[in-house]
Amino acid sequence: QGHFVESGGGLVHPGGSLRLSCVTSASTFSRYSMAWYRQTPGNQREKVAAILSETGTKYDNSVNGRFTISRNNSKKALYLQMNSLKPEDTGLYYCNTLSEMYEWGQGTQVTVSS
């Protein structure tokens with residue numbers, strides 16, 4: 001069983017928005033740099049956004065300017081605000097530490113389609 005539980009995915013039209021959430025019971029959550037990952041059929045899981053434990057955020061070029069990653073350490077939660085969604089954003093989204101330390105959760109499906 002994974003350490004993270006992702007939610008918030010769904011079916012949305014191009015140009016729409018979704019907010020993904022990831023929660024954990026891990027007491028050490030605040031120590032870790034965290035990331036959101038996306039997997040599509042036949043492809044490896046790829047990192048789309050990261051938030052460092054001390055400073056800053058980083059985004060894949062494909063989502064930069066449209067997605068925003070954030071965290072609430074008191075709630076042990078990670079978020080991904082996804083705006084101006086495109087069909088190529090479709091995939092199964094997961095969260096994990098930046099070093100992929102923990103077992104993967106179930107993910108949450110995002111489908112962008114007209």
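Biologist: On what basis are residues numbered and values computed here?

Modeller: Residues are numbered from 1 along each chain as its sequence is written, and side-chain values use heavy atoms, with hydrogens and water left out. Because this is a predicted model, local features need pLDDT of at least 70 and side-chain atom pairs count only at pLDDT 80 or more, while totals for chains, interfaces and linings use all residues.

Biologist: In what order do the strands of the four-stranded open sheet stand?

Modeller: Strands are DSSP runs (E, at least two residues), numbered from the N terminus, and two of them pair if DSSP finds at least two bridges between them. The pairing in this sheet is antiparallel, and the order is E1-E3-E8-E7.

Biologist: Which strands stand at the edges of that sheet?

Modeller: An edge strand here has a single partner strand, so one side is left without a neighbour in the sheet. Neighbouring strands are turned by 15° against each other on average, direction ignored (axes are lines fitted to C-alpha atoms, and angles run from 0 to 180 degrees between N-to-C directions). The strands at the edges are E1 and E7.

Biologist: Which residue is the bridge partner of Glu-6 in E3?

Modeller: Strand E1 (residues 4-7) pairs with E3 in the antiparallel sense over four bridges. The partner of Glu-6 in E3 is Cys-22.

Biologist: How many residues of E3 are buried?

Modeller: Buried means under 20% relative accessible area, exposed over 50%, and partly exposed in between (1.4 Å probe, protein chains only). Strand E3 is largely enclosed by the rest of the structure, because the buried residues number five of seven.

Biologist: Which residue of E5 stands opposite Met-34?

Modeller: Strand E4 (residues 34-39) and strand E5 (residues 46-51) pair in the antiparallel sense over five bridges. Met-34 stands opposite Ile-51.

Biologist: Which residues touch the most other members of the largest nonpolar core?

Modeller: A nonpolar core is a set of buried Ala, Val, Leu, Ile, Met, Phe, Trp, Tyr and Cys residues joined through side-chain atoms within 4.5 Å. The largest one has 23 residues, and those touching the most other members are Trp-36, Leu-78, Leu-80, Met-82 and Tyr-93. Among the elements that give two or more residues to this core are strand E8 (77-82) and strand E9 (91-97). In answer, the residues are Trp-36, Leu-78, Leu-80, Met-82 and Tyr-93.

Biologist: What is the distance between the ring centres of Tyr-32 and Tyr-102?

Modeller: Rings of Phe, Tyr and Trp (its six-membered ring) pair if their centres lie within 6.5 Å; planes under 30 degrees apart count as stacked, over 60 as edge-to-face and the rest as tilted. A search of the whole structure finds four aromatic pairs. Tyr-32 and Tyr-102 form one that is edge-to-face, with 80° between the planes and a centre-to-centre distance of 6.1 Å.

Biologist: How many residues apart in sequence are the parts that this pair ties together?

Modeller: Tyr-32 lies in the loop between E3 and E4, and Tyr-102 in the loop between E9 and E10. The pair therefore ties together parts whose separation in sequence is 70 residues.

Biologist: With which side chain does the side chain of Arg-71 make a polar contact?

Modeller: Arg-71 is found in strand E7 (residues 67-72) and is buried, with a relative accessible area of 19%. A polar contact is a pair of N or O atoms within 3.5 Å; within protein, one must be able to donate a hydrogen and the other to accept it, and residues adjacent in sequence count only if both atoms are side-chain atoms. A polar atom of the Arg-71 side chain lies 2.7 Å from the backbone oxygen of Tyr-32. The side-chain contact, at 2.8 Å, is with Asn-73.

Biologist: What is the phi of Lys-76?

Modeller: Lys-76 is found in the loop between E7 and E8 and is partly exposed, with a relative accessible area of 27%. Most residues other than glycine have a negative phi. For Lys-76 phi is positive, near 50°.
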